[in-house]
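Here is a short walk through a structure that may be new to you. Keep the sequence and the 3D view open as you read.

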Amino acid sequence: MPILKVDIASKSYPANAETLLVFEKIRFEIGRGEFVCLVGPSGCGKTTLLNILAGLDPRYEGEVLFKGRRVDGCDADRLMIFQELGLFPWLTVRENIAFGLKCKKVPAAKRARICSEYLHMVDLARFQDSYIHEISAGMKQRVALARALAMDPEVLLMDEPFSSLDAQARDLLYEELQRIWGITKKTIVFVTHNVREAVCLGDRILVFSAPPVARLKASFSVGLPRPRTIEANGVIDIVKCVFGELKSEIRKTYDHEFHP
Amino acid sequence: MTTNFIRSRIVPCALFYTALLLGWQVLVVLRIGPSYIFPSPLNVALSLAEGFRDRSFWFGILVSFRRLLTGFSLAIAVGGVLGALLLKSRTFEKTAGSLILGLQTLPSICWFPLALVWFGLSEGSIIFVVVMGSVFSFTMTIHAGLKNIPPIYVNIGRNMGVRGPALLWDVFIPAALPSLLLGLRQSWAFAWRSLLAGELLFNSQGLGFLLNMGRELNDINRVVAVMLVIMAIGVFIDKLVFGRMELAVRTRYGLKPS
């Protein structure tokens, strides 16, 4: 049984007097432990879809099933890593990682053990007592990842988490994320507009069509051995294929925006 | 304390106040008014020393602070609950919100006639005025502070399954802490003003009473001396108590000093 089964007939937002249709007929399944990347032109509703999967936005037509049950609210088994991260500035690195566990009333000793485990996994043990404004952007990404992993969710939903980083930090994090995914065997749904990033990380890439009213346009499987880097030959070949699909969509977006 | 601090802060301050005192003394020497109307710095200083020596100032400060702390704690408790209710319930915000705004614009001394009818010339009246003078300002700043936290923090909390009072306690309050402190500081100022206004009105023993007493005894030196004491307390609380708290919080949160 797939861990996530998405069958959304349509999703719209109320906009002024009318409703704005974001996307329709989105149908796909995600297997347990799979790493799926969603790419598409900006405005196609990737983040909206992720919010639906997380349970943060229950207003849609259709059905999203998580382990066979309809998603209609948040659940710590599906955790989101937001684009803005949202690390708490009033807590230290360690306290940020412990936040969810503390709210779940996990006993202090167990909490400390889990925290230490993930602090080491993301290689931040030295910075555990730093406050968030004292660490670098790349470290913040790793704290956000550790904070989510500490809750031991089944699915991680990542919304363009690396988009604000410089290229070096990003390359390091591609490596880290693949390693951590290998150890933890989490199911990951990763939204990005960066095709190379998607091919480097994903088992499967779902391409969205251009707005208005996006649909699922194509799906690519990436069977390359891991760990992959962004410059590997195989990666570049697949990037060309995916980008071919995406380019016409991006052009449509611009045409729509500038000559509606 | 570094020499830099002395050079950049202490020296200019000392020069400013010396100049101020000299200017004052010049006006006294020019005899712009009789000494029972326009006091000299020396006489004010003597009156100040006398007030502390005969313990009447200490006693006044103590009495005033007891009222202030009682009234202010009540205002914080009630204001905190009202602020949380405004955040929690849209209906409450839409209905009671305008009433709270209206009550906040009412100058605190306007509560005094009502207080006198209800509590008489008593401790209760003054505390009532202190509470009424600060509770609505606290309610409104608390509400605004909680409402304006970045929504990402709330989403993180909800996503992790935190809800209800835990969400308020673990996410809303810490996220809003810098603005909550500003609200505390502002409400304190309101409470302090209300207290002195209330104390001026009858034989109430506090600092406001000492001020009025000076006038009744035609002791202009005492009047100015008590004013100085009231001002010094205000500066002390604002700068040293609230200022320090704010600096500590802003440093920890990685915010620029305000």
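This is a predicted model: local features need pLDDT of at least 70, side-chain atom pairs count only at pLDDT 80 or more; totals for chains, interfaces and linings use all residues.

Two residues are in contact if their C-beta atoms, placed from the backbone, lie within 7 Å. In helix H4 of chain A, Ala137(A), Gly138(A), Gln141(A), Arg142(A) and Leu149(A) do the touching. Their counterparts in H5(A) are Ala169(A), Leu172(A), Leu173(A), Glu176(A) and Thr184(A). By class, this contact of H4(A) with H5(A) has five nonpolar, three polar and two charged residues.

How do the two helices lie? H4(A) and H5(A), the latter spanning residues 167-184, pack at an angle of about 15°. Their axes are 10 Å apart. Angles under 35 degrees count as roughly parallel, and H4(A) and H5(A) are therefore roughly parallel to each other. The crossing of H4(A) past H5(A) is right-handed.

H4(A) also takes part in covering another helix, H2(A). Helix H2 of chain A runs over residues 93-103 and is mostly covered. Of its eleven residues, nine are buried. Among them are Val93(A), Ile97(A), Phe99(A) and Leu101(A), but also Arg94(A) and Asn96(A). What covers the buried residues? Helix H3 (108-121) and helix H4 (137-149) of chain A are included, together with helix H8 (165-200) of chain B. After H2(A) comes Lys105(A), with a positive phi near 65°.

Now turn to the strands. Strands of a sheet pair through backbone hydrogen bonds, either parallel or antiparallel. In chain A, six strands form an open sheet with mixed pairing. Their order is S6-S7-S8-S3-S9-S10. Strand S6 (78-81) and strand S10 (216-221) of chain A are the edges, and each pairs on one side only. On average, neighbouring strands of this sheet are turned by 15° against each other, direction ignored.

Strand S9 of chain A, residues 204-208, is joined to S10(A) by five bridges, and the two run antiparallel.

Conventions:
Residues are numbered from 1 along each chain as its sequence is written. Chains are lettered from A and ligands numbered from 1 in the order in which they are written. A residue is buried if 20 or more other C-beta atoms lie within 10 Å of its own, exposed if 12 or fewer, and partly exposed in between; C-beta atoms are placed from the backbone. Helices (H or I, at least four residues) and strands (E, at least two) are DSSP runs, numbered from the N terminus. Two strands pair if DSSP finds at least two bridges between them. Axes are lines fitted to C-alpha atoms, for helices over the stretch in contact, and angles run from 0 to 180 degrees between N-to-C directions. Angles under 35 degrees count as roughly parallel, over 145 as roughly antiparallel, 65 to 115 as roughly perpendicular and the rest as oblique. A crossing is left-handed if the near helix is turned anticlockwise from the far one by less than a right angle, and right-handed if clockwise. Ala, Val, Leu, Ile, Met, Phe, Trp, Tyr, Cys and Pro count as nonpolar, Asp, Glu, Lys and Arg as charged, and the others, Gly among them, as polar.
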